[in-house]
Amino acid sequence: MDDYGYGYWNLVVLSIIFFGLFLLFIPFKNKSQRLPTSIYLAFIVALYTEMYGFPSTIYILTWFISFKNPLTHVSGHILASIIGEYLFFTLIYPLSNIMMLIGILLILFGWSKIHKSGGELVTNRVYAYVRHPQYLGILILTLGMLIQWITIPTALMWPILLLLYYRQARREEKEMEERFRERYREYKSKVPMLLPFQKIFRSATEKFEYYRDKVNLERDLAELRYNRIAKLYDLINYFWEKLYFDRFRKDILRNVKGKILEVGVGTGKSFESYPPNKDITAIDISDEMLKRAFNRAQHYKGRVVLRREDVQHLSFEEEKFDTVVAFCVFCSVTDPIKGLNEIHRVLKEGGQLLMLEHVRSKNPVLGRLMDVFNPIIVRLGGENINRDTVRNIKNVGFKIVKEKNLIYDVLKEIICVK
Ligand SMILES: C[S@@+](CC[C@H](N)C(=O)[O-])C[C@H]1O[C@@H](n2cnc3c(N)ncnc32)[C@H](O)[C@@H]1O
């Protein structure tokens, strides 16, 4: 662990070859494409030379600002030394890996569509969200790398990469317009160049409106988002579940008593953590999530009733339940105060509300970052990452008897009584 973590030149070469190979999936025969391609190559050469070969950034920082680094490999993550290893390795590091994976998938999916098109204009699948998924892929991949292992040369190169790929995308647009004329102009008017969020959000809202017109029901945007994501939900959360959530749920659910209501049960992950022989009513706004919860409920040794309900308008009479459970729900409920008021109404006097919730950090830098990234995360996954759920709970009249930080001050166990 405390060994000098550099000088592994074989790893430097292997990593450069591995990430360099992705260039084969992006056309770079035109003269104009050579510059962004070369800067991408320079970026990965600089990065992996420092990561496994020689940590020049660390030496420079030590020289200029007395940056202390024991020169082991793990402590080479400079961002970890700035924001703290715990926060870095529980949140930022996994996030950067996800970004790198998304980047690689965008490059490969983009290539597979273009490859199969035989020179025709491609406007479906990943191209229905952005006009240049492969360039977006390169930018997300390198940004993930940068967050994971920031160095002086790569931090200087990334903005240049951004500029060059943006310029390249614009250049190609002109060629495409000349080639496909009206068809390309129409495509361009509907699909964004590099940032898909507006498109994802717009398409969700359009489908939602459509849904509402068809069924003629007041439906919530969270329902549409979770119906859409249900298929992938367990897969996306697999890592967090194994690492933390399984354990946290078990600890919290030891305290359940009497008649239980679980709100936002999702795919029913909590059923395996309840003590046996309990009387559980579990609700969720999304049919697709409930379908999955139904399969898990079959294996629970106790009574489970599943219902499609909106926590903002519960159909239960007042003071029906002894315990209400909410695991990562109030990040996605559209009007959390309304939902918490409803829980307050259906809980008996002295009844308990057990929660596992992620909230906005009080750390000014992280909190601000959460504000900045919230619109993106909420549109992609349906979850707000900057809610002040503790304040909301107090505002509706609950008494908080336990507030424990489980991951930094972001994921919390909260126990309240009415
Ligand atoms: C992040 S998931 C958590 C699922 C589950 N509790 C878990 O821990 O895996 C949030 C869940 O809350 C549900 N939800 C969102 N708004 C809701 C509402 N207004 N009423 C009921 N459920 C809601 C979503 O459908 C989704 O299943």
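Two residues are in contact here if their C-beta atoms, placed from the backbone, lie within 7 Å. Keep that in mind as we walk through. What you're looking at is a predicted model, where local features need pLDDT of at least 70, side-chain atom pairs count only at pLDDT 80 or more, and totals for chains, interfaces and linings use all residues. Residues are numbered from 1 along each chain as its sequence is written.

Leaving out residues up to four places away in sequence, Pro336 touches Phe330, Arg387, Thr389 and Asn392. You'll find Pro336 in helix α12. Helices (H or I, at least four residues) and strands (E, at least two) are DSSP runs, numbered from the N terminus. Is Pro336 buried or exposed? A residue is buried if 20 or more other C-beta atoms lie within 10 Å of its own, exposed if 12 or fewer, and partly exposed in between, with C-beta atoms placed from the backbone. Pro336 has 23 other C-beta atoms within 10 Å, so it is buried. Pro336 and Val311 are 25 residues apart in sequence, and their C-alpha atoms are 9.0 Å apart in space.

Now for the sheet. Its 7 strands form an open sheet with mixed pairing, in the order β3-β2-β1-β4-β5-β7-β6; two strands pair if DSSP finds at least two bridges between them. At the edges sit β3 (303-308) and β6 (399-407), each of which pairs on one side only. On average, neighbouring strands of this sheet are turned by 15 degrees against each other, direction ignored.

Start at the β3 end. There, β2 and β3 run parallel and are joined by 6 bridges. One spot to look at is Ala282, whose bridge partner in β3 is Leu306. Helix α11 packs on the sheet and touches β2 and β3, with its direction at about 170 degrees to that of β3. For such angles, axes are lines fitted to C-alpha atoms, for helices over the stretch in contact, and angles run from 0 to 180 degrees between N-to-C directions.

Then move over to the β6 end. Here β5 and β7 pair in the antiparallel sense over 7 bridges, and Leu354 stands opposite Ile415 in β7. Strands β6 and β7 also run antiparallel, with 7 bridges joining them, and Glu403 stands opposite Ile414 in β7. The hairpin of β6 and β7 has 3 residues between the strands, and Tyr408 takes a positive phi near 45 degrees in this hairpin.

Most residues other than glycine have a negative phi. Arg125 is not a glycine, yet it has a positive phi of about 50 degrees. Arg125 belongs to the loop between α5 (85-117) and α6 (133-148), and it counts as exposed because it has 12 C-beta neighbours inside 10 Å. Asn277, in the loop between β1 and β2, has a positive phi of about 60 degrees although it isn't a glycine either. With 9 C-beta neighbours inside 10 Å, Asn277 also counts as exposed.

What about the inside? A nonpolar core is a set of buried Ala, Val, Leu, Ile, Met, Phe, Trp, Tyr and Cys residues joined through C-beta atoms within 7 Å. The largest one has 44 residues, and those with the most contacts inside it are Val263, Val324, Val325, Ala326, Ile343 and Leu353. Several elements give two or more residues to this core, including α10 (221-253), β4 (321-327) and α12 (336-346). Of these, α10 gives the most, with 6 residues. Apart from this core lies another, of 27 residues, with Tyr40, Val130, Ile140 and Leu146 among them.

Helix α10 also packs against α11, at an angle of about 35 degrees and with their axes 7 Å apart. In this contact, Tyr226, Asn227, Ala230 and Tyr233 in α10 meet Asp287, Glu288, Met289 and Arg292 in α11.

Last stop: the ligand. Which residues are closest to the ligand? They are Ala222, Tyr226, Gly264, Gly266 and Phe327, out of 23 residues that surround the ligand, where being near means a C-beta atom, placed from the backbone, within 6 Å. The elements that give two or more residues to this shell are α10 and β2.
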